[in-house]
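User: I am new to this structure and would like a close look at a single part. Please keep it brisk.

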Amino acid sequence: MRKIVVGAFTSLDGIMQAPGGPHEDPVGGFEYGGWAAPYFDEAMGQAVDEMFAEPFDLLLGRKTYDIFAAHWPYAGADDPIGTLFDRITKYVATRDPDRQFDWQNSRTLGADVVGALKALKSEDGPNLLTQGSTDFLQTLFENDLVDEMYVSFFPVILGRGKRLFGEGTKPMALKLVGSRVSGSGVTVNKYVRAGEVVTGSFEFDQPTEAELERRRKLT
């Protein structure tokens with residue numbers, strides 16, 4: 001069985017859009033492209049290396065695929081990420097299921113993206129790791145396909161832009177299995193699924209009259 005693992009850089013208010021540069025994704029008038037770069041230190045590099053340490057294939061939305069395909073094949077033989085990404089399989093979610101790709105080892109997920117993902121998960125093989133791909137992530141969250149997440153929270157508030165979690169996200173409980181803080185203040189976290197959301201209560205066993213009145217006003 002293969003797992004779908006989300007890799008995400010996000011601001012404190014949940015924005016994922018264009019962390020790497022001003023020309024990466026200016027859609028919607030986004031003005032802060034490259035917001036992650038000033039915080040990227042040696043500890044962040046180590047965190048990325050750990051995320052890439054286990055065998056994986058890439059799982060990408062079409063826009064992020066285009067960004068990667070215009071960069072990583074040209075990074076040079078001495079760039080370890082470039083050579084890694086060049087070698088492994090890239091699965092791409094695109095609304096044009098017949099699209100042909102120039103970057104080697106790239107293939108479309110086809111017209112039935114969810115069905116293709118379920119089939120891939122049922123196979124033996126390396127995990128399926130997302131990078132960026134904010135729009136595509138919503139499909140994963142809406143269809144409850146995510147098994148693990150590497151989420152790095154950067155100490156910046158962006159206010160607007162594409163968000164990690166959209167309105168259709170299925171509720172889930174998570175377990176934090178690893179965490180570190182970089183010298184630049186980025187919190188790097190690894191989460192795994194932990195079943196359904198469990199609720200509790202801090203209320204009095206017997207609600208006060210004031211509380212009962214408050215509830216009546218709500219209805």
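Leaving aside its neighbours within four places in sequence, which residues is Ser106 in contact with?

Analyst: This is a predicted model. Beyond its neighbours within four places in sequence, Ser106 is in contact with Tyr65, Lys90 and Phe101. One of these contacts is polar: the side chains of Ser106 and Tyr65 come together at 3.0 Å. Ser106 itself is found in strand 4, which covers residues 106–108. Its relative accessibility is 15%, so Ser106 counts as buried. The cut-off for buried is under 20%.

Now helix 3, residues 80–87. Gly82, Leu84 and Phe85 are buried there. These three cover an arc of only 165 degrees around the axis, so they sit on the same side of helix 3. The face turned away from that buried side carries Pro80 and Arg87, both exposed. On the buried side, the residues of helix 3 pack against strand 2 (56–61), helix 2 (62–69) and strand 3 (90–93).

Lys121 lies in helix 4, residues 113–122. Lys121 counts as buried because its relative accessibility is 14%. The side chain of Lys121 reaches the backbone oxygen of Leu145 at 3.0 Å. Not counting residues up to four places away in sequence, Lys121 touches Leu145 and Asp147, and also Met1, Arg2 and Ile4.

Terms used:
Residues numbered from 1 in each chain as written. Predicted model: local features only at pLDDT ≥ 70, side-chain atom pairs only at ≥ 80, totals over all residues. Heavy atoms only, no water. Helix = DSSP H or I, 4+ residues; strand = E, 2+ residues; numbered from the N terminus. Buried < 20%, exposed > 50% of the residue type's maximum accessible area, 1.4 Å probe, protein only. Polar contact = N/O pair within 3.5 Å; in protein donor to acceptor, adjacent residues only side chain to side chain. Contact = heavy atoms within 4.5 Å. Arc of directions from axis to C-beta.
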